Amino acid sequence: MKEGHIIYGLVDPRTNELRYIGYTSNMKQRYSNHMSKKRLEAKNRKGNWIKSLLKENIKAEMIIIEEYETAAELQQAEID
């Protein structure tokens, strides 16, 4: 997966619906964090959605939405 200053999305592969937007400088690590057992213990919309996918033996797809030159641009870009 790509490294850099990235706004990414998690997409439901069943519907191609964009379900989550975030930012990272390390996509591989961030994706692993989303799928980690500890993170999925939290009872929230994103976690419940990811758990529903995993029950069907599928995973969310991670896509690049935008790339930026500096990390400072990421927080505002995620909000926008």
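Which residues of helix H1 (residues 27–35) are buried? They are Met 27, Arg 30, Tyr 31, His 34 and Met 35. Seen down the axis of H1, these buried residues fall within an arc of 135 degrees, so they line one face of the helix. Please keep in mind as you read that this is a predicted model.

**The overall picture**

Let's step back to the whole chain. The protein has four helices and three strands, and from the N terminus on its elements run β-β-α-α-α-β-α. Its radius of gyration is 13 Å, close to the 12 Å that the globule rule gives for 80 residues, so the protein is as compact as a globular protein of that length. Along the principal axes, the C-alpha trace spans about 35 × 25 × 25 Å.

Of the 80 residues, 30% are buried. The accessible surface comes to about 5500 Å², and carbon and sulfur atoms account for 47% of that surface. As for how the chain meets itself, take the contacts between residues at least 6 apart in sequence: 60% of them join residues at least 24 apart.

In soluble globular proteins, nonpolar side chains tend to be buried together. Here the largest nonpolar core has twelve residues in all: Ile 6, Tyr 8, Leu 10, Met 27, Tyr 31, Met 35, Leu 40, Trp 49, Ile 50, Leu 53, Ala 60 and Met 62. Strand E1 (3–12), H1 and helix H3 (45–55) are the elements that give two or more residues to this core.

Leu 40, leaving aside its neighbours within four places in sequence, is in contact with His 34, Met 35, Gly 47, Ile 50, Lys 51 and Leu 54. Met 62 is found in strand E3 (residues 61–68). With a relative accessibility of 13%, Met 62 falls under the 20% cut-off and therefore counts as buried. Between Met 62 and Asp 12 there are 9.3 Å in space, C-alpha to C-alpha, although the two are 50 residues apart in sequence.

The side chain of His 34 makes polar contacts with the side chains of Tyr 8, at 2.6 Å, and Lys 46, at 3.1 Å. Not counting residues up to four places away in sequence, His 34 touches Tyr 8, Leu 10, Tyr 20, Arg 39, Leu 40, Lys 46 and Ile 50.

Where does Thr 24 lie? Its place is in strand E2 (residues 17–26). Thr 24 is buried, because its relative accessible area is 9%. Beyond its neighbours within four places in sequence, Thr 24 is in contact with Gly 4, His 5, Ile 6, Tyr 8, Arg 30 and Leu 74.

The side chain of Thr 24 also reaches the backbone nitrogen of Asn 26 at 2.9 Å. Asn 26, in turn, caps the N-terminal end of H1, with a side-chain oxygen 3.4 Å from the backbone nitrogen of Lys 28.

Here are the polar pairs side by side:

| From | To | Distance |
|---|---|---|
| His 34 side chain | Tyr 8 side chain | 2.6 Å |
| His 34 side chain | Lys 46 side chain | 3.1 Å |
| Thr 24 side chain | Asn 26 backbone nitrogen | 2.9 Å |
| Asn 26 side-chain oxygen | Lys 28 backbone nitrogen | 3.4 Å |

Definitions and conventions
Residues are numbered from 1 along each chain as its sequence is written. This is a predicted model: local features need pLDDT of at least 70, side-chain atom pairs count only at pLDDT 80 or more; totals for chains, interfaces and linings use all residues. Side-chain values use heavy atoms; hydrogens and water are left out. Buried means under 20% relative accessible area, exposed over 50%, partly exposed in between (1.4 Å probe, protein chains only). A polar contact is a pair of N or O atoms within 3.5 Å; within protein, one must be able to donate a hydrogen and the other to accept it, and residues adjacent in sequence count only if both atoms are side-chain atoms. Contact means heavy atoms within 4.5 Å. The arc is that of the directions from the helix axis to the C-beta atoms. A nonpolar core is a set of buried Ala, Val, Leu, Ile, Met, Phe, Trp, Tyr and Cys residues joined through side-chain atoms within 4.5 Å. The radius of gyration is taken over C-alpha atoms; the globule rule is 2.2 Å times the number of residues to the power 0.38. Accessible areas come from the Shrake-Rupley method with a 1.4 Å probe; for residues, only the protein chains shown count as cover.
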